[in-house]
Amino acid sequence: MTSADNHILEFLDEKNIVATPQVIAANIDYNRLYVNERIRVLAQNKLVEKDDKPLYQITERGRQYLEGELDVDDLPARHEEDR
């Protein structure tokens, strides 16, 4: 998990919206391509979910992570470069 991951999850949680990676990037001051990359990792870990358009929203699992109820070691799709 990176600081961008936390910013993405916090943005989606605080605003309680569905959004494209471009909208998320514009609101958290990260590059859209980087947000795109990170949001895929968050989706692999079931912290966000995507609908058939590329709109993402935080999941209950994502909220649990933000609240400290879910540890990073509990995430299924960890990759060495993502830690």
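**Ground rules.** I number residues from 1 along each chain as its sequence is written, and I keep in mind that side-chain values use heavy atoms, with hydrogens and water left out. Since I am reading a predicted model, local features need pLDDT of at least 70 and side-chain atom pairs count only at pLDDT 80 or more, while totals for chains, interfaces and linings use all residues.

**Helix 1.** I took helices (H or I, at least four residues) and strands (E, at least two) as DSSP runs, numbered from the N terminus. The 13 residues of helix 1 should span 18 Å at 1.5 Å a residue, and I found its end C-alpha atoms 18 Å apart, which agrees; the expected span here is 1.5 Å times one less than the number of residues. I then listed its buried residues, which are Ala4, Asp5, Ile8, Leu9, Phe11 and Leu12. Buried means under 20% relative accessible area, exposed over 50% and partly exposed in between, with a 1.4 Å probe and protein chains only.

**Asp5.** I looked up Asp5, which sits in helix 1, and found it buried with a relative accessible area of 0%. Leaving aside residues up to four places away in sequence, Asp5 touches Arg38 and Leu42, where contact means heavy atoms within 4.5 Å.

**Helix 3.** For helix 3 (residues 32-44) I noted Val35, Arg38, Ile39, Val41 and Leu42 as the buried residues. Viewed down the axis of helix 3, these fall within an arc of 155°, so they line one face of the helix. Among the elements that cover them are helix 1 (3-15) and helix 2 (21-28). At the start of helix 3, I saw that a side-chain oxygen of Asn31 comes to within 2.6 Å of the backbone nitrogen of Leu33, and just after the helix Lys46 takes a positive phi of about 60°.

**Where the two helices meet.** The axes of helix 1 and helix 3 come within 10 Å and cross at roughly 80°, the axes being lines fitted to C-alpha atoms over the stretch in contact, with angles from 0 to 180 degrees between N-to-C directions. The two helices are therefore roughly perpendicular to each other, a term that covers 65 to 115 degrees, with under 35 roughly parallel, over 145 roughly antiparallel and the rest oblique. On the helix 1 side I listed Ala4, Asp5, Ile8 and Leu9, which meet Tyr34, Val35, Arg38, Ile39 and Leu42 of helix 3.

Key. The arc is that of the directions from the helix axis to the C-beta atoms. A polar contact is a pair of N or O atoms within 3.5 Å; within protein, one must be able to donate a hydrogen and the other to accept it, and residues adjacent in sequence count only if both atoms are side-chain atoms.
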